[in-house]
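Please keep the sequence and the structure in view while reading the points below.

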Amino acid sequence: TPPGPTTPPAGAGITFANGTLTLPLSAVPSLAEPNGFFITNAGANNVRDGGGQAADMIVINVGQDSYRAFTSRCTHEGCTVASFSAGRILC
């Protein structure tokens with residue numbers, strides 16, 4: 001079972017500015033393992049810039065110290081994606 005998303009502690013150093021999400025790996029233990037992921041959105045992990053825009057991203061550890069980030073908005077339902085499993089982002 002891949003690691004699930006975790007809610008970072010307040011003040012964990014996660015920021016969103018000028019369209020860039022800065023995510024210290026030490027702040028999100030779920031990203032330490034391949035297939036681990038972290039979802040930012042206007043809900044559970046509310047990461048916003050100074051203007052109030054939400055980051056709305058899913059960051060995935062794809063292995064070998066590589067990470068990929070995608071929008072966390074489902075392209076067909078418009079909702080926030082729920083998880084990542086078996087190589088697929090699930091809404």
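1. Two strands pair if DSSP finds at least two bridges between them, and the strands themselves (E, at least two residues), like helices (H or I, at least four residues), are DSSP runs numbered from the N terminus. On that basis, 4 bridges join strand 3 to strand 4 (residues 57-63), and these two strands run antiparallel.

2. The model is a predicted one, in which local features need pLDDT of at least 70 and side-chain atom pairs count only at pLDDT 80 or more, whereas totals for chains, interfaces and linings use all residues. Residues are numbered from 1 along each chain as its sequence is written, and side-chain values use heavy atoms, with hydrogens and water left out.

3. For the chain as a whole, the secondary structure comes to 0 helices and 7 strands. Of its 91 residues, 33% count as buried, where buried means under 20% relative accessible area, exposed over 50%, and partly exposed in between (1.4 Å probe, protein chains only). Among contacts (heavy atoms within 4.5 Å) between residues at least 6 apart in sequence, 42% join residues at least 24 apart.

4. Strand 4 and strand 5 form a hairpin with 2 residues between them, and Gln64 in the turn has a positive phi of about 50 degrees.

5. On the other pairing, Phe38 stands opposite Val59 in strand 4, while the bridge partner of Phe37 in strand 4 is Ile60. Which way do the side chains of strand 3 point? Phe37 and Ile39 point one way and Phe38 and Thr40 the other way, and all are buried.

6. Finally, Ser30 deserves a look, in the loop between strand 2 (20-22) and strand 3 (37-40). Ser30 counts as buried because its relative accessibility is 3%.
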